[in-house]
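Me: Please take a close look at one part of this model, the surroundings of the ligand, and describe them in one connected account.

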Amino acid sequence: MAKTEDSLDPEMNQKLPTGGERLIQCLEREGVEYIFGLSGGAAMPMFDALLDSSIKLILTRHEQGATHMADGYARSTGRPGVVLVTSGPGATNTVTGMLTALMDSAPIIVICGQTITSMLGKDAFQEADVTGITYPVVKHSYLVKDGSQIPRIVREAFHVATTGRPGPVLIDVPKDIGQDPCDAPFTDEVFLPGYQVPSRGETQPIAQAARLLRDSRRPVLYVGNGAVISGADKAVTTLAEKLRAPVVTTLLGKGAMDETHPLHLGMFGMHGTAYANKAVADCDLIMSIGGRWDDRVTGRLEDFCADAVKIHIDIDPAEFNKIVQPDVSILGDARLVLEDLIPQIEMADTADWLEQCEKWRKLYPLKYPKQGGLRAQHVLDRLDALTEGQAIITTDVGQHQMWAAQFLRARSGRHWISSGGAGTMGFGFPSAIGAQFGNPDKKVWAIVGDGGFQMTLMELATAFIHKLPVNCLIINNNFLGMIRQWQEMFYDNRVSGADLEGNPDFVKLAQAYGVKGLRIRRPADVDRILKQAHDDPGPCVVVAEVVKEDNVFPMIPAGASIAEMLIEKPKGPLAKPTGST
Amino acid sequence: MSAAIELALPVQPIHTISLFVNNVPGVLVRVSLVFSRRGFNIESLVVSPGAEGDFSRMTVTCSGEHEVLEQIIKQLSKLVDVVHAIDHSTDNSYEVEIALAKLECSLSERAQILQIAKHFKARAVDYGPESVILQANGSSEKIDAMIMLLRPYGITELVRSGKLLMARGKKTT
Ligand SMILES: Cc1ncc(C[n+]2csc(CCOP(=O)(O)OP(=O)(O)O)c2C)c(N)n1
């Protein structure tokens, strides 16, 4: 490595790298191209080392933004995203990002500065027990106690973050260890006797699954994030076509099969399409391919596919029997399991079933009023027509997220990025920036609400500085829309803390950061302005001033069963939902 | 919760789990978080170095619903620092526990106390003018029984090791 040689003193008096330099060198060996972060006292040795590194530092305006950028980078590329922050508040600002990554199985590495070893536990300035605070939100974590362990820890951290079910890994580095000389040799070995990575599935349950699929007359393939992570796009499509079975996906499974494929019924669950939900409710067999039977898709468990055969493919054994008791569970990587399953598949007798699904598709299409002002659905529908699945779409959390999931049809994996498990507002825009760094040749669109955007909008500066072509579409309803919808539907329209009066002019706000700001007021402007932003080589904020009080349908109230799905706004008042949140 | 009350009120089933873990800082927190997150109460926990220096042994007894236990074992196994986690609730493992009990007693009571101790093969390991410390070892149930009999004499302090366990024959603990 050129750098190490540069630091050799010509007088044979060899200068050793510091721990911080060693750590950065280890990251270089892992192939890291970007680090997202923000410095502080305890992290200075590592930030200093970055000046001599091939790794590009992306200075964010907030540590939360750094974690979501790393996450968006990771989800869009499949490579781990790396975050570097300082101790105490810098580190605690990454907690939300780690929860977000954990819930959605995204590989990120968060490196924090820490107070010097001798002051640990003594309430030193900016000390926080970050390892302690983050136990519940990491896949694994390390507090570096000895500089000689740096190469091993970094290697292990990358291995753990990226293999099996991916997730966030934290490395907490005391400042003295970052500063002191460290010549610990690099290592490629990983010795983790307690860590197994499943790959191929066992023969017997796969054969059993093949038999059950053959005998099924009304099968449904339920595709989750595991299929996206394992790159099972092709395998899922082949299986669906060979079996002639309809496919539904979760919010995070979008893209594991082209949503414009005739066998694809779109997303199911709380705000899924009515036809996907009807198929799930009526199937005689449901096979989860890397989905974890989340409460947002099952609704009331006792009623969920009560009489259907359940098959579950997952790389995480702890997912089996957690929510449902599958008839067959197959431990393994989704793609590898499907590749072993496919040769055993015979075309099932599903002609009637597919016909039924098509009927539902015609009977209950996704729809929205074409009159009465600008609608988010219209804007997103047109963005789908413009991008045709070629752009990477990220979203924030709320109504716009659900409409985006309904109207933007993902054509391939890693093109749809959304905070599903954690539902983290503020995720959308920074994750798009991260995805743009990882995919310089692709167009990236963030779709955000006016509420969530304001949680991480300072990253406009990051987008501006790096002249990223990333676009941010703000669906501005001047409300915390999803909250207002629930209050309208379940709380007698008693709107509490959901009105965002006092919103800034987002166009001017963008311009204040040097970012182009465009506004859509009328349906007639949609295509022109979306195209203008799409073709612009720099960052653009597009503000769609949509009708204030619109609701997302279909909707299955939390904790209700699919049979209780509301296709449109009900006349009377509704009981308060019983399900989780 | 004292053992005696526990016997009287078996609210939730008791499970015994053995863990083989990396001997590193934080492993105990990671393990205990798995239990607390699912609402399991840890009744006893013994940690000791394993035969190889880099690993530790944990024996955990806990109370909670049967259906959740399977999940807990899986969540424990998922921890990077846990090499394996095994539920021994139903197998016939060799189990033992040590207890120390301090009783404040008059001379007249002492003979009766020592009589009970003898029956349970417990030893008096410290005599004071008005107190005695008994050391008992054996199955947790045996110790529970002894303590129940001693209670009327006034146990002022009770320290139990928690259950230790080893699978029989060639089975892994
Ligand atoms: C950090 C965080 N805080 C609160 C919530 C709860 N929440 C879910 S959706 C929502 C409203 C989002 O409003 P907005 O960003 O304007 O999007 P809209 O629903 O209007 O499309 C809120 C507050 C959340 N998901 N995340």
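Reply: Helix 18 (399-407), helix 20 (450-456) and helix 22 (481-490) of chain A each contribute at least two residues to the shell around the ligand, helices being DSSP runs of H or I with at least four residues, numbered from the N terminus. Among these elements, helix 20 of chain A provides the largest share of the shell, namely four residues. This is a predicted model, in which local features need pLDDT of at least 70 and side-chain atom pairs count only at pLDDT 80 or more, while totals for chains, interfaces and linings use all residues. Side-chain values rest on heavy atoms, with hydrogens and water left out, residues are numbered from 1 along each chain as its sequence is written, and chains are lettered from A and ligands numbered from 1 in the order in which they are written.

In total 17 residues surround the ligand, the closest being A:Q399, A:H400, A:G423, A:G452 and A:G481; a residue is near the ligand if one of its heavy atoms lies within 4 Å of it. By class, the shell holds seven nonpolar residues, nine polar and one charged, with Gly counted as polar.

As for polar contacts (pairs of N or O atoms within 3.5 Å), a polar backbone atom of A:Q399 lies 2.8 Å from an oxygen atom of the ligand, and an N or O atom in the side chain of A:N477 is 2.9 Å from a ligand oxygen atom. A backbone N or O atom of A:M482 is likewise 2.9 Å from an oxygen atom of the ligand. Taken alone, the ligand exposes 580 Å², of which the protein buries 77%, with accessible areas computed by the Shrake-Rupley method using a 1.4 Å probe.

Key
Polar contact = N/O pair within 3.5 Å; in protein donor to acceptor, adjacent residues only side chain to side chain.
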